Amino acid sequence: MDSQPRVALVTGCGGSIGWSTVNNLLREGWIVLGLTRQRKTLESTRGPCPQNLFLFELDARSATSEDFHSKLSLLVSAWEKFPRIQLVVNIAAICPKNWDAFTLLETFSVNVVFPQRLYEVFHYLDMRHYPEPCSVINVSSGDGELCFFNSYWRRAIEQLESYDELTDFMHAVVERVDQAGLQPYAVVHGDEPAYRLSKALLNRLTLLQARTAPSHIRIDAICPGDVKSNMNPLGGQREPSAAAKDILQLAELQHRIVRERCSSRYPHFWRLGKPIPF
Ligand SMILES: NC(=O)c1ccc[n+]([C@@H]2O[C@H](COP(=O)([O-])OP(=O)(O)OC[C@H]3O[C@@H](n4cnc5c(N)ncnc54)[C@H](OP(=O)(O)O)[C@@H]3O)[C@@H](O)[C@H]2O)c1
């Protein structure tokens, strides 16, 4: 069974951290199924695709739309032909400045709903195989730490106990912003409030997924630190390759945790190789 090639599914693979992660995985001998919005551009700007990289095009903004299921079904038929997916890395995200109903809906779609939809697909595909260690990494952000939220909203996020409740919460926020003009400072401190809220919800989603996942699937969130990237053009102490290295190290740790059956000893949030509270 070990002779089967390892397969990873990576989203946002045309981004700074995404492309570095894809390359690190390829170097380590993984087959990578890469999701991107810009397959043609990637193929022309990054050169011919390596043999073990398979790019698929999908825009995550449609993750809340009705036809998303049929778009995913097409991908599932393609992915079924590959060996078992052992690792999912959700990297795709947007970080808008605005706080309005439309922006929030898009941000929730890309940063929260899309990782959940992919998790469902991965779980469905995984059920056809003998249960062996595999894992999911949700790339999140320190900007989603609950300490940035005022106490009412912090409690509301901490009390979300299922994906349905999380979905209702996102709808309610969009509606309150749209109809009652809920202001960002009433919810969270700091810039890019829609991003912060979406990452706090991604962290909560990670915990909910981890609680309900079968014992052979380990699920964690990681903050890549302050990385030079398209999303962070003015800041960035770290190179995308350093963040990609952390992601791969976490993937190795996850597989060890599952093999050694010691999941309860490890928390589910990580930064710079260490567990952190969220
Ligand atoms: N940079 C930092 O300092 C920092 C700090 C904390 C957390 N993070 C997290 O790290 C991850 C990667 O960020 P990055 O810094 O590498 O930013 P980036 O270069 O902007 O990459 C983000 C990628 O997300 C994908 N994406 C955006 N909109 C999408 C959509 N509608 N549908 C599908 N995919 C979409 C795109 O991939 P394609 O181009 O392939 O479509 C995009 O390149 C994000 O989750 C971010 O929140 C970054």
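The shell of residues around the ligand in this predicted model comprises 14 nonpolar, 12 polar and five charged residues, where Ala, Val, Leu, Ile, Met, Phe, Trp, Tyr, Cys and Pro count as nonpolar, Asp, Glu, Lys and Arg as charged, and the others, Gly among them, as polar. Of the 31 residues around the ligand, those that come nearest are T36, R37, Q38, Y195 and S229, a residue being near if one of its heavy atoms lies within 4 Å of the molecule. Residues are numbered from 1 along each chain as its sequence is written, and side-chain values use heavy atoms, with hydrogens and water left out. Local features need pLDDT of at least 70 and side-chain atom pairs count only at pLDDT 80 or more, whereas totals for chains, interfaces and linings use all residues.

Two or more residues of the shell around the ligand are contributed by each of the elements α1 (16-27) and α7 (193-212).

The protein chain has eight helices and eight strands, taken as DSSP runs (H or I, at least four residues, for helices; E, at least two, for strands) and numbered from the N terminus. The C-alpha atoms of the protein chain fill a box of roughly 55 × 45 × 40 Å, taken along the principal axes.
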